Each structure stands twice: as structure tokens, then as C-alpha cells.
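Reader: I have a sequence and a structure to read. Please walk me through them step by step.

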Amino acid sequence: MHRICVATGDAGNSATAILRDPRLMAYVFAEPYLLLQPELVFVAEWRGTVFGYAVAALNSAEFYARWQLEWAPRFAGSHPASRRVDPHDADDELRSCLHHPRRMLSIDLDAYPSHLHINLLARARGQGVGRRLLDAVFTDLARAGSPGVQLGVRASNTGAQEFYRATGMTRLPSDGGLAVRFGRPLNTSRAPVRENGPSVRHGPR
Ligand SMILES: CC(C)(COP(=O)(O)OP(=O)(O)OC[C@H]1O[C@@H](n2cnc3c(N)ncnc32)[C@H](O)[C@@H]1OP(=O)(O)O)[C@@H](O)C(=O)NCCC(=O)NCCS
């Protein structure tokens, strides 16, 4: 998951071009989910090789509070927060998110308390895998009692925005940040049906 996150973290392209330390991408957008919410980590695999994943937090506010206590301290020595964050410096921004995760908390948390991230390697895209991963996330979030899930996507990432529309998400009003927001109410009685098949499974056991 770390490898895939780094390889796709710049709107589907490698984060190595935009970060001095590309590992930061995975430290913020992939690995904390394995530690804090492993039951909502899904991977797509073929013959034992993982080529994509989706991760989610059931309750974003609680998730970031735990992150602050359980995840951020691990980076105090290796990736300390900058005293002053340069908004044009992607490394600075991610280090700030690592140490102050509530910066990533959006609005409309009563209706959409959950959030998710999804990333597939380029060779795995366009074959319905993303849809199956999201169906798995939607189903398990609904089963866990979430009324809705939201996410932020870069304005320039129009392909991902089309994907979210195709998977039943709708655009939400801006929260004042740079990202375009999408959300989807989750109705426990009408949760999307997960297809049978071996290629999408929970990540950690
Ligand atoms: C966005 C992403 C997860 C989509 O996964 P995918 O497996 O390629 O999507 P699927 O094949 O399941 O497509 C599902 C639907 O979305 C549509 N869709 C997917 N990608 C699309 C694109 N780039 N442009 C237009 N529509 C798209 C498909 O046409 C399909 O619609 P249909 O079922 O009505 O035909 C994947 O492309 C990806 O990982 N991209 C790079 C990382 C990224 O941008 N992540 C999101 C960051 S917010």
C-alpha cells in the first residue's frame, strides 16, 4: 500500500516528482488507516500481488484524534513539523498534516462523518476494480452505522471526479479548501451489494 500510494499520489502519477520525501504521501494517506482502522482497509490483488486499495475512517473526527495520539508521535524525530508551513511546499504541507491531522477535517460531519481514499496502479485502472473497492467500503461503512461518506479530490483530477460520479457520489459545497468535495449518503437498508469474487478483500487480518 505504501508503494502504491507513492506511485499514484499525485492525482494518479508518482509523488516522487512533487515531494523531496515521497514517503510522506503514504505516511498521511495510507499507513495510518492500517494502524487505526484496519477493518476498513481493502486491497485489490491478483495472484498475490496487490495493485490497488481503498481505505476509510468511520468517524473522521475520532479518527484524527486517535491519529494525533497514536500515529503522529512516531514522526517526532524523523519528520518533525515545520515551525512555519510554506503552502507552496508540498513536503511542508504533508508534514503539517502528519502532526496536525485535524487540518484535514472537513465540514458536514453530521451527514458525512466518514471519509475514504482510493488508489490503483495505472495498469489496473478502467476494469471495474475501483468500483468494487468502493462498493466494499460503502457496504462496510453502512453496516457499521455511518450515515454518509465524503472525500476531497484535486480540482485538476477530473478523471477521479468522473469515477466518483459514476459510483453514486455527488459534489458537495466547498469547505473553503482547494479540494473538490464529493459525498454519498449511506443507507443501511439500501447499501450497495458487493459482488462475489476473490480479487477484493480486507487488507490486514
Ligand atoms: C480513480 C480510480 C480509483 C478509478 O478506479 P478504476 O478502477 O479505474 O474505475 P472503474 O473501472 O471501476 O470505473 C468505474 C466507473 O467510473 C468511470 N471512470 C473511472 N475512471 C474514469 C476516468 N478517468 N474518466 C471518466 N470516467 C471514469 C468508469 O467509466 C466507470 O463508469 P461505468 O461503470 O459507468 O462505465 C483510479 O483510476 C485511480 O486509482 N486513479 C489514480 C489515483 C486517484 O486519482 N485516486 C483518487 C484520488 S481522490
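Author: In β3, His-117 is the bridge partner of Val-55. Helices (H or I, at least four residues) and strands (E, at least two) are DSSP runs, numbered from the N terminus. This is a predicted model, in which local features need pLDDT of at least 70, side-chain atom pairs count only at pLDDT 80 or more, and totals for chains, interfaces and linings use all residues. Residues are numbered from 1 along each chain as its sequence is written.

Reader: In which sense do β2 and β3 pair?

Author: Two strands pair if DSSP finds at least two bridges between them. β2 and β3 have 6 bridges. Their sense is antiparallel.

Reader: Is Arg-47 buried or exposed?

Author: Arg-47 lies in the loop between β1 and β2. This hairpin has 2 residues between the strands. A residue is buried if 20 or more other C-beta atoms lie within 10 Å of its own, exposed if 12 or fewer, and partly exposed in between, with C-beta atoms placed from the backbone. Arg-47 has 5 C-beta neighbours inside 10 Å, so Arg-47 counts as exposed.

Reader: What is the phi of Arg-47 near?

Author: Most residues other than glycine have a negative phi. Arg-47 is a residue other than glycine, yet its phi is positive. The value is near 50 degrees.

Reader: What about Asp-108: what is its phi near?

Author: Asp-108 lies in the loop between α5 and β3. Asp-108 counts as partly exposed because it has 14 C-beta neighbours inside 10 Å. Its phi is positive too, near 60 degrees.

Reader: Which residues is Val-137 in contact with, leaving aside its neighbours within four places in sequence?

Author: Two residues are in contact if their C-beta atoms, placed from the backbone, lie within 7 Å. With those sequence neighbours left aside, Val-137 is in contact with Leu-40, Phe-42, Ala-54, Ala-56 and Leu-116.

Reader: Which residues of helix α5 are buried?

Author: Helix α5 covers residues 90-99. What covers its buried residues includes α2 (23-29). The buried ones are Leu-94, Arg-95, Ser-96, Cys-97 and Leu-98.

Reader: Which residues are the closest to the ligand?

Author: A residue is near a molecule if its C-beta atom, placed from the backbone, lies within 6 Å of it. The ligand is surrounded by 20 residues. The closest are Gly-12, Arg-125, Gly-130, Gly-159 and Glu-162.

Reader: Which element gives the largest share of the shell around the ligand?

Author: The elements that give two or more residues are β3 (114-120), α6 (129-143) and α7 (158-166). The largest share is 5 residues. That share comes from α7.

Reader: Why is Pro-173 exposed?

Author: Pro-173 sits in the loop between β5 (170-172) and β6 (180-185). Pro-173 is exposed because the other C-beta atoms within 10 Å number 9.
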